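Student: Please take one part of this model and show it to me closely. Start with any term I need.

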Amino acid sequence: MSASSPDNERSGQKAGRKAGQKAGQKTVHLPVLGNVRPDFSPNRDGTPWYARSFRITSARVLSQGFFFGLFVFLLWVTWFSRLGGYPVSLFLELDPLVGFATALSTHTVYRWLWRGMLILIPTLLLGRVFCNWICPYGTLHQFVGWLFNIRKNKDSISKNRYRSGFQIKYVILIVFLVMAAFGSLQIGLLDPICLLVRTFTVTVQPAADLVAYDLQLDFLAASPGAPDQRVFDGAWFVGLMIIGLVGMNLVIPRFFCRVLCPLGAFLGVLSRFALFRIERDLTKCTDCNLCMRRCEGASDPQAALRKSECFVCFNCIDDCPEDALSFKLAPVPVKDRIVGSIKQGTATLFGRKVISKLPDTELRPPDLPRRRWFFAGLAGVLAYPFLRLSKAVNHRGFHEKAIRPPGSVAEPEFLERCIKCDQCINVCPTNVLQPSTLAQGGLEGLWTPVMDFSVGFCQLNCTLCSEVCPTGAIQKTALATKLGLGEHQDQGPIRVGTAFFNRGRCLPWSMETPCVVCEEVCPVSPKAIGTYEEEIVRWDGTKVTLNKPYMRPELCIGCGICEHECPVVDDAAVYVTAIGETRSDDRTLLLKSHQRG
C-alpha cells in the first residue's frame with residue numbers, strides 16, 4: 001500500500017470534518033488568510049484539533065533542538081574568558097560509553113563520569129531515547145537526512161529496512177571494549193560525542209572564527225582575544241571525515257548511527273531490557289509498511305520490532321494510517337495467543353480478527369550471532385598488541401615531539417584515559433595544543449593532545465586543559481602545583497620537556513649576529529637560558545658583542561616560549577623535546593632536579 005498524496009490527505013481531512021459535523025461536532029470556520037484557512041476541526045479519530053500539532057514527535061524535535069543548542073553553547077564557552085563555572089564537558093561526562101570504557105581501562109571513575117549513569121536510566125525504561133532525543137551528532141545526521149530527502153515513499157521504505165550490515169557497530173563496540181580492558185582506550189575514534197567535539201574544535205570553530213573576524217563580530221568568535229587565527233594539524237582529515245560520514249546519509253539514512261556508532265551499539269545492548277516498546281496491534285495492522293517510511297533506526301516496526309535498533313523516534317506511530325502502533329509498558333508477545341490460522345484467514349486474537357500476516361511483534365537482542373561476538377572479542381585481543389607495540393608509544397622509542405600538557409599522567413596511563421575528544425585543545429588559549437599525528441603517537445595515540453611550539457607555547461600561569469579534561473588523562477592541577485610553589489616547592493615545577501640549542505642555526509653561534517630573544521622570553525626565575533658574552537670582529541670589520549645562549553636543563557620546564565619566539569622561524573635554533581619530563585622516569589636526563597631554596 002503506498003503513502004497518501006497531499007491531495008488524498010486533504011480529501012481525508014475534508015471527509016473527517018464532514019463526519020464530525022454529522023456526529024454533531026461543531027467545526028470552527030475562520031476567514032481565509034491568503035490561500036491558507038486555519039483548520040480547528042477535530043481529527044478523524046475524534047481527538048482534538050491541537051493533537052495534529054502538539055504530538056510526541058514535535059516534543060522530540062524540540063528536545064533535539066534544545067540539546068544541540070546546549071552542546072554548541074558549551075563548546076562556545078569553552079574559552080578562558082567565558083568558562084565561568086559552566087559544565088563545559090557535560091556531554092562527554094554524560095556519555096555512558098566513555099564512563100564504562102575508562103572504568104574498564106583504569107579501574108576507576110574519574111570526577112564526573114558517574115553522570116553517564118543518568119543516561120542508562122531512561123535507556124532501561126524506554127530504550128535508545130538518547131540517540132534520537134539528546135545526541136547532538138544524531139540530530140545532525142537526522143537533520144541532513146531530512147533536508148536532502150527527495151525519495152519517494154516506496155524508496156524510503158526500502159532504504160529503511162534492516163540490513164545485516166548494521167551489525168558492524170556491535171563488532172566495533174566489542175573490539176573497543178576488549179582493547180580498553182587491556183589498557184588501550186580507543187573509543188574516541190568513533191564515539192559520537194568525542195567525534196563531534198573534535199570536529200567542532202579542529203574544523204568548525206576555526207572556520208566560524210574566520211567569518212566572525214571578517215565581519216567584525218569578535219564577540220561571536222569561539223576564541224575571542226586569541227593572538228592569531230587558530231590552526232590545527234590534520235584539520236583537513238577531520239573535516240573530510242565529518243563530510244563523508246554526514247554525506248553517507250544520502251545513501252543510507254542515519255548511516256553512522258545504524259552502521260558505525262559504538263555508543264548506539266552500547267545502548268542497543270542495554271535497551272533489549274527496556275520496559276517500554278513500540279507495540280503493533282495485529283488486529284489493526286494491514287501490513288502496508290508505511291511505518292517504515294521515516295523509521296530512523298531501521299527497526300522493522302512493521303514486523304518483529306528490533307528493540308536494540310529502535311531510536312524511540314515515534315515517527316512510525318505518526319505515520320501509521322490504521323492507528324495500529326502504540327508505545328506501551330512491557331507488552332507481551334501475542335504470537336502464541338493467536339487462535340486459528342493466519343494463512344487461511346481464520347486467526348483471531350482475544351476475539352478479534354487478525355489482519356496482519358506477520359505474527360511476530362518483538363526481537364529483543366541485537367541481531368549478531370554468538371560466533372561473531374566471539375570473533376569480535378578475538379579481534380580486540382589481537383588489536384591491542386598491534387597498537388601498543390608501536391614504536392611511537394614505546395618507552396624506548398617514543399617520538400621526541402610527543403610532548404604532553406602539564407598535569408598529564410605517565411604515558412601508559414595517559415593512553416588508558418585519553419578519549420581523543422580534544423576538549424583540552426579547544427580551551428588552550430595559545431593554540432599550542434594540537435591533535436597528535438600518526439608520526440607522533442602512532443594509531444593508538446592518534447588525535448591525543450601534544451604541544452607544538454611552532455604554533456604556540458604553554459603559558460606559565462595556565463592550567464585550563466586540566467580543568468576541562470573529562471577522564472583524568474590530564475589531572476586537575478592547581479597553579480601552585482604546576483609552578484612548584486608553597487607546599488609543592490620540594491617537588492619543583494612540572495616539567496613537560498627540555499629545550500636544546502642547535503648551534504648550527506643559532507644567530508649568535510653560527511652567523512655572528514646579536515640575538516638574545518630566547519633569554520629575554522624565558523619565564524622561569526632564575527632563567528633556564530644563560531649566555532656567554534663574547535666580543536668579536538666580524539668579516540666586514542665591525543666589532544660586535546655576541547651573547548651566545550646555553551641551556552640550564554635543571555631549570556628548564558619545557559614551556560616552549562623560547563622555541564616559539566625564536567626568530568629563525570622555519571626551523572627554530574632552540575627546540576623542546578619530551579625528554580626530562582617529570583611525569584615519567586623513563587624520559588629522564590639523568591640529572592638531579594634543581595631544588596629551590
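Tutor: Helices here are DSSP runs (H or I, at least four residues), numbered from the N terminus. The model is predicted, so local features need pLDDT of at least 70 and side-chain atom pairs pLDDT 80 or more, while totals for chains, interfaces and linings use all residues. Residues are numbered from 1 along each chain, and side-chain values use heavy atoms, leaving out hydrogens and water.

Now the second largest pocket. Helices H2 (56-76), H7 (136-147), H8 (153-159) and H14 (315-319) each give its lining at least two residues. H7 gives the most, 6 residues. A pocket is an open set of points on a 1 Å grid over the protein atoms alone, where a 1.4 Å probe fits, with protein on both sides within 12 Å along at least five of seven lines; lining residues have an atom within 4 Å of a point. This one holds about 680 Å³ of space, counted as the space filled by probe spheres set on grid points joined across faces, edges and corners.

The lining has 27 residues. Nearest the pocket's centre lie Gln142, Trp146, Arg294, Glu296 and Asn315. By type, the lining divides into 13 polar, 9 charged and 5 nonpolar residues. Charged means Asp, Glu, Lys and Arg; nonpolar means Ala, Val, Leu, Ile, Met, Phe, Trp, Tyr, Cys and Pro; the others, Gly among them, are polar.

Cys465 is in no disulfide either; the sulfur of Cys462, the nearest, is 6.3 Å away.

Methods
A disulfide is a pair of cysteine sulfur atoms within 2.5 Å.
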